[in-house]
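Reader: Hi! I'm new to this one, could you walk me through it?

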Amino acid sequence: MRLSRYFLPTLKDNPAEAQIASHRLMLRAGLVRQEAAGIYAWLPLGLRVLQRIERIVREELDRAGAIELLMPTLQLADLWRESGRYDAYGPEMLRIRDRHERELLYGPTNEEMVTEIVRAGVNSWRELPRNLYQIQWKFRDEQRPRFGVMRGREFLMKDGYSFDLDEAGARRSYQRMFVAYLRAFARLGVKAIPMRAETGPIGGDLSHEFIVLAESGESDVYCDRRVLDLTVPGADVDHDGDLEPLIRAWTSRYAATSDVHDPVRYEAEVPEGQRLHTRGIEVGQIFYFGTKYSQPMRAQVTMPDGSARLLHGGSYGIGVSRLVGAIIEACHDDAGITWPDAVAPFDVGIVDAKAGDSGTSAACSQLAARLEAQGVCVLWDDTEARAGAKFANMDLIGLPWQVVVGPRGLANGVVELKRRATGERLELSPDEVVAKFAAGVPSGTAMAAPPRQ
């Protein structure tokens, strides 16, 4: 993609309304534009990041046996009256009347609707378990939206729901999602720690929040430092096997949000040198809530003896749009964003260091075409801007790799390859750059030039 043909409205100065790094950088790097308080337009660069996050989340949910569907953003108020939550939810719910005076709401979550779908489509115990999820826009009318997409009113969320025959089955579904979340967040390039948490308006008696540690976070958290060193399950994890030992390893160390923090237990279980009190960003939460929704909504299945049994449910959320902000909070420096490879909007940025030079332009064009043929996503800055402005812009948007093509280097048969996160640089021939990416450049490793022929 040529930058001259792309839509990337970057800003030189920090917006006055942005209080934290991710908000500043998302506005400056042209990822989003604020349209109203807590409501953002996702510009092309930001949308590419959202789509890459969605892809990884989908892959891990599908691997764990969940099935994707899509529910409407508008829901009937009567569904929420069935569960008893319509009046209890609070002013964060956006309530609407259509032209026929039907009461609707813009969904803040979908427990009621998915329960209605399952009660209509699942009748026998033989059809369980079921785990359904969607990636859909939500709206919660926050009183004080702030920190950009970290606490917006409209947001993109992965919400999933499990349905089982009994508590034992529901807890197994909970464990599968626990493991899927560990893997998804690790693949996204962030360390998300599962912590005991309150269930809030979702309800239930078991919940974990997945927290990315960051001083800019809104959550006060307490944990044993040793939990940071635990190993995330590999791609070969058996979601249908016994996950209890793995879950126990992640939950035996103390880790809790301030809502459920127990100071006495914390001091008794965690050696003083291992205590970590900091702040964090919630990027996901999982719940087991038993028959909280199936009982009032009569969601049940027929057993072999003809009796009816209520479904046991769980709910599992990931803040997809919030993750963009959380990743930036964890991955930035003074110059801009340092995207993890898995979620970067483009893999490589090519900088033509001599605007108007036919030789550098031709070399950039050839290199871009060869990299794209290898499946590499390329953004080529072919604009008329000064070289210094191009370098600053590339650092701001934070693509993992930069290739600088200048007339002096070309005269010697080389271009410069830079790793954005570390600043490490190599002089390589264009053939060597292509060979490096064709071989699959491992993220986070030292760069080594391919052997000269």
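This is a predicted model: local features need pLDDT of at least 70, side-chain atom pairs count only at pLDDT 80 or more; totals for chains, interfaces and linings use all residues.

Reader: Thanks! How many disulfides does the structure hold?

Author: The count is 0, a disulfide being a pair of cysteine sulfur atoms within 2.5 Å. For C331, the nearest cysteine sulfur is that of C223, 18 Å away.

Reader: And is C331 buried or exposed?

Author: C331 counts as buried because its relative accessibility is 12%. Buried means under 20% relative accessible area, exposed over 50%, and partly exposed in between, with a 1.4 Å probe and protein chains only.

Reader: New topic: what is the strand order in the open sheet?

Author: The order is 4-6-5, for 3 strands with antiparallel pairing. Strand 4 (74-76) and strand 5 (94-97) are at the edges with a single partner strand each, so one side of each has no neighbour in the sheet. Strands (E, at least two residues) and helices (H or I, at least four) are DSSP runs numbered from the N terminus, and two strands pair if DSSP finds at least two bridges between them.

Reader: How many bridges join strand 5 and strand 6?

Author: Strand 5 and strand 6 (residues 103-106) pair over 4 bridges, in the antiparallel sense. Within that pairing, L94 has Y106 of strand 6 as its bridge partner.

Reader: Where does T109 lie?

Author: T109 is in the loop between strand 6 and helix 4 (111-121). T109 counts as buried, at 2% relative accessibility. Its side chain makes a polar contact of 2.7 Å with that of E111; such a contact is a pair of N or O atoms within 3.5 Å, and within protein one must be able to donate a hydrogen and the other to accept it, while residues adjacent in sequence count only if both atoms are side-chain atoms.

Reader: Last one: how far apart are the axes of helix 5 and helix 6?

Author: The axes of helix 5 (residues 167-187) and helix 6 (residues 244-251) are 10 Å apart, and the two helices pack at an angle of about 60 degrees. Axes are lines fitted to C-alpha atoms, for helices over the stretch in contact, and angles run from 0 to 180 degrees between N-to-C directions.

Key: Residues are numbered from 1 along each chain as its sequence is written. Side-chain values use heavy atoms; hydrogens and water are left out.
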